[in-house]
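The sequence and the model are shown first.

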Amino acid sequence: MVFYFLQLFIFTLYSVFFALFNNKKWYFGVTWLHLSCVMGLRSYLVGTDTKMYVHGYLYDSNTKQNSAILYEFLNKVIRYIAGDNYHIFLFTLSAISIGTFLFVVFKWSNDFLSMFTSIYIYITFYYYFNSFNMQRQMLAVTISMMATYFWVLNNRKKSIICFLFAIGIHNTAILSLINIIVNKFKAKYSNIYKTLIVCLLSVPISGTFINLFSELFPHYEMYNNGFSNVEYGTNGGTAILGLLLLLFIIVTPLVNTNFLDDHVNVVLMYLTCIGSYMYILGSGSQLIIRLADYFTIYCTIFLPKSIETISLKFKEQKLVQYFLLFMILVIGLILMYYKLSKNMGEIIPYQIL
């Protein structure tokens, strides 16, 4: 556990350094290299599913039932280039995942503080560490983020290519196509409650949805049962996190309606909103919690924007902003400590060889 907190400390140190010199390019590069190396140079023993990924890479044992066409193709290409060196395989997946996430963060962030906060949330809210475990899905999640970024930018060609890449990496990324619909949502506060009503009405049919999803993607049949192991047994932790995100979603437009004037803010808010409801209403299903990450990942960018917008309405703007940021930083530390102490994703101890 100490190793991972040390990485967070190192990240914080060089974030301050690059902020002082206002150098975003080097900050992007160093952060990408740091996080990619820690994730990509790990042993096959680090991460619950890593053994399966490495075994599939070394022995070409992936089946079309469990993986997607592009992922299989990527496996074969890396194997052709790197041979039996599985570290290159893991590093390649890690570098793409971290790179696509950072790309979206740097494009949608207003300043250094927002970028730092987004990456900090990505690490401490466990999205980064989830990638040590369910690496293929989290790779699809970050690529779908890039697809959403291009769609909001009205760059349809790049967006469609990215969506296809995400689905080609992990079939469940087809769920991220919902983001195209969300992009059409109007900036109305009442839509938050409409989304909640739709989610509440969907609860009675959630069992049917899970069974249908498992039939389409048989690999997920194992997640039909509730939380039965320590990896996902968060004792309501996901529901609490969902409530926290929902609180910011409700409060932000109430405090400062200008937040809804920016279309990017609206998209980020609704996507986070959908994920929050999935965290709350589906907290007893491993499958729903996994799928929720396709939407809650946007909280990494939404929360810094929310905090900045809320603080603008107060006379002591900076004081309020720093207080809210400090609150998020502390919550992140608590969440990271709790999940690491439970060894969720089986990423402890960290090993390279």
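## Charged pairs and aromatic contacts

D84 is exposed, with a relative accessible area of 55%. In this predicted model, the side chain of D84 meets that of R79 in a salt bridge, with 2.8 Å from N to O. R79 counts as partly exposed, at 28% relative accessibility. R79 also takes part in a contact with an aromatic ring: its charged end sits over the ring of Y57, 6.0 Å from the ring centre.

The count of salt bridges comes to two. R290 forms a salt bridge with D49, and the closest N and O atoms of this pair are 3.9 Å apart. R290 lies in helix 15 (residues 286-296), whereas D49 belongs to the loop between helix 2 (24-40) and helix 3 (50-59), so the pair ties together parts that are 241 residues apart in sequence. Both R290 and D49 are buried.

| Pair | Kind of contact | Distance |
|---|---|---|
| D84 and R79 | salt bridge | 2.8 Å, N to O |
| R290 and D49 | salt bridge | 3.9 Å, closest N and O atoms |
| R79 and Y57 | charged end of R79 over the ring of Y57 | 6.0 Å from the ring centre |
| R136 and Y71 | charged end of R136 over the ring of Y71 | 5.0 Å from the ring centre |

### Aromatic pairs

How many aromatic pairs does the count come to? The count comes to 33 aromatic pairs. One of them is formed by F3 and Y350, which are stacked at 4.3 Å centre to centre, with 15 degrees between the planes. F3 lies in helix 1 (residues 2-21) and Y350 in the segment after helix 17 (317-341), so this pair ties together parts that are 347 residues apart in sequence. F3 is partly exposed, with a relative accessible area of 30%, while Y350 counts as buried at 18% relative accessibility.

Y4 pairs with F132 in an edge-to-face arrangement, 6.0 Å centre to centre and with 85 degrees between the planes. This pair, too, links distant parts of the chain: Y4 is in helix 1 and F132 in helix 7 (residues 127-133), 128 residues apart. Y4 and F132 are both buried.

Aromatic residues also gather in a cluster. F11, Y14, F17, F18, F21, Y27, F28, F106, F112, F116 and Y120 form one aromatic cluster.

### Cysteines

How many disulfides does a search of the whole structure find? The search finds zero disulfides. A disulfide is a covalent bond between the sulfur atoms of two cysteines. C273 is buried, with a relative accessible area of 0%, and C299 is buried as well, its relative accessible area being 0%.

### The chain as a whole

The secondary structure comes to 17 helices and zero strands. Of the 353 residues of the chain, 54% count as buried. The accessible surface of the chain comes to about 15,800 Å², and 69% of this surface belongs to carbon and sulfur atoms. Among contacts between residues at least 6 apart in sequence, 77% join residues at least 24 apart. The pairs described above include the link between F3 and Y350, whose parts are 347 residues apart in sequence, and the link between R290 and D49, whose parts are 241 residues apart in sequence.

Conventions
Residues are numbered from 1 along each chain as its sequence is written. This is a predicted model: local features need pLDDT of at least 70, side-chain atom pairs count only at pLDDT 80 or more; totals for chains, interfaces and linings use all residues. Side-chain values use heavy atoms; hydrogens and water are left out. Rings of Phe, Tyr and Trp (its six-membered ring) pair if their centres lie within 6.5 Å; planes under 30 degrees apart count as stacked, over 60 as edge-to-face and the rest as tilted. Helices (H or I, at least four residues) and strands (E, at least two) are DSSP runs, numbered from the N terminus. Buried means under 20% relative accessible area, exposed over 50%, partly exposed in between (1.4 Å probe, protein chains only). A charge sits over a ring if NZ of Lys or CZ of Arg is within 6 Å of the ring centre and within 35 degrees of the ring normal. Contact means heavy atoms within 4.5 Å. Accessible areas come from the Shrake-Rupley method with a 1.4 Å probe; for residues, only the protein chains shown count as cover. A disulfide is a pair of cysteine sulfur atoms within 2.5 Å. A salt bridge is a side-chain nitrogen of Lys or Arg within 4 Å of a carboxyl oxygen of Asp or Glu.
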